[in-house]
Amino acid sequence: MIQGDVLWSSLPVPALLVGPDDTILQSNPAAESFLNLSSKALEGAALWEKVMIDAEIEGPFATAHLERRSIFLNDVFVGSGMRAPSHCNVLFSPLGNVDDTMILMISPREMATRIVQNGQTHKAARSAIGMAEMLAHEIKNPLAGITGAAQLLSMELSPEDQELTDLIVAESRRIVKLLEQVEQFGNLRPPLRKSVNIHDVLDRARQSAAVGFGAHMYFIVDYDPSLPRALADSDQLQQVFLNLLKNASEAGKEGGTIRLHTFYDASLRVRQHDGTQARLPLQVEIIDDGPGLPPDIAADIFEPFVSGRENGTGLGLALVSKLIHDGGGWISVDSVPGKTVFRVSLPLAPKSDDDDGEE
């Protein structure tokens, strides 16, 4: 336990130490304030009686506790018997070398840009996306003229001077690519969900990555062959997997590995926009052995314009998150140096759809 530690007391986020029997060992002042419970009420009590999270995570938490690994939950509601649930990110992680002890850290997201109320995107976020989309459309037209003019000029220039026009063309195209991402983010069609074979979609994405942006990586396939079919939009799901594979490839070095892992987890449930619980038992993990996410952005990696790479747009993972959540799924990330795991959780296809296979 952390006894008399000034750093522990000054942590700005709610934090709890949890013992091997899921008993709360210690709470910091921020946790007491967030949960509206005193240290006396918290310490010694069962974790799940005091901390209420809108996902069935007791099973995965027990496994993480046993295997000494971390779990990161994005976009969940956390509360207690003494306060209403709040939109949060949650991290469970082993506490250094302290045997059988986990730390639970809660990051409230009052400023999250992806707040959803009554099934609609928050007005401020919707306005920002609309403004960005309009600007992207208006800026692309003059950029096309600039690019064309630079290409015409290059025909009359010496090879030395052509370096400048080539730079203009290259940078203009880079800006256009960014603007197209902004437009794509604001112009997504509603998902067309039907029965999908996850492995077929994964294989198409893997094959595309292996001959393109991921040619320098080694791909490992670890599929559960008995996995049932998912209810998803096949095209949007492939776009999700391609974006995640690209992210993993850009993080990895020559000869690095990307593991594609699928499995069934019957315990996973998440809260939907209408307040009901949804079962998301189909799990897809994309695991790379890169350096991991920078700690200062890990909690916000699915937000627009948040990127861990120099010159990154910060729209790829935001798009992934939007596609998954709009399609009724859930995405989370767990990252440490040498291992980053993006997990996509999807619902089952209704049994009546099993033979409607278009995959």
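Because the model is predicted, local features are considered where pLDDT is at least 70 and side-chain atom pairs count only at pLDDT 80 or more, whereas totals for chains, interfaces and linings use all residues. Residues are numbered from 1 along each chain as its sequence is written, and side-chain values use heavy atoms, with hydrogens and water left out.

**The chain as a whole**

The protein chain contains ten helices and 17 strands, where helices (H or I, at least four residues) and strands (E, at least two) are DSSP runs numbered from the N terminus. Of its 359 residues, 43% count as buried, a term that stands for under 20% relative accessible area, with exposed meaning over 50% and partly exposed in between (1.4 Å probe, protein chains only). The accessible surface, from the Shrake-Rupley method with a 1.4 Å probe, comes to about 18300 Å², and 54% of that surface belongs to carbon and sulfur atoms. When contacts (heavy atoms within 4.5 Å) are taken between residues at least 6 apart in sequence, 65% of them join residues at least 24 apart.

**Helix H5**

Helix H5 spans residues 58–67, and its buried residues are Pro 60, Phe 61, Ala 64 and His 65. Seen down the axis of H5, these buried residues fall within an arc of 140°, so they line one face of the helix; the arc is that of the directions from the helix axis to the C-beta atoms. Just after H5, Arg 68 has a positive phi of about 55°.

**Strands S15 and S1**

Strand S15 (residues 282–288) has seven of its seven residues buried, so the rest of the structure largely encloses it. Leu 282, Val 284, Ile 286 and Asp 288 point one way from S15, while Gln 283, Glu 285 and Ile 287 point the other way. In strand S1 (residues 15–18), Ala 15 and Leu 17 point one way and Leu 16 and Val 18 the other, and all are buried. The pairings of both strands, each requiring at least two DSSP bridges, are set out below.

| Antiparallel pair | Bridges | Residues opposite each other |
|---|---|---|
| S12 (residues 257–264) and S15 | seven | His 261 and Glu 285 |
| S1 and S2 (residues 24–27) | three | Val 18 and Ile 24 |

S1 and S2 also form a hairpin with five residues between them, and in its turn Asp 22 has a positive phi of about 65°.
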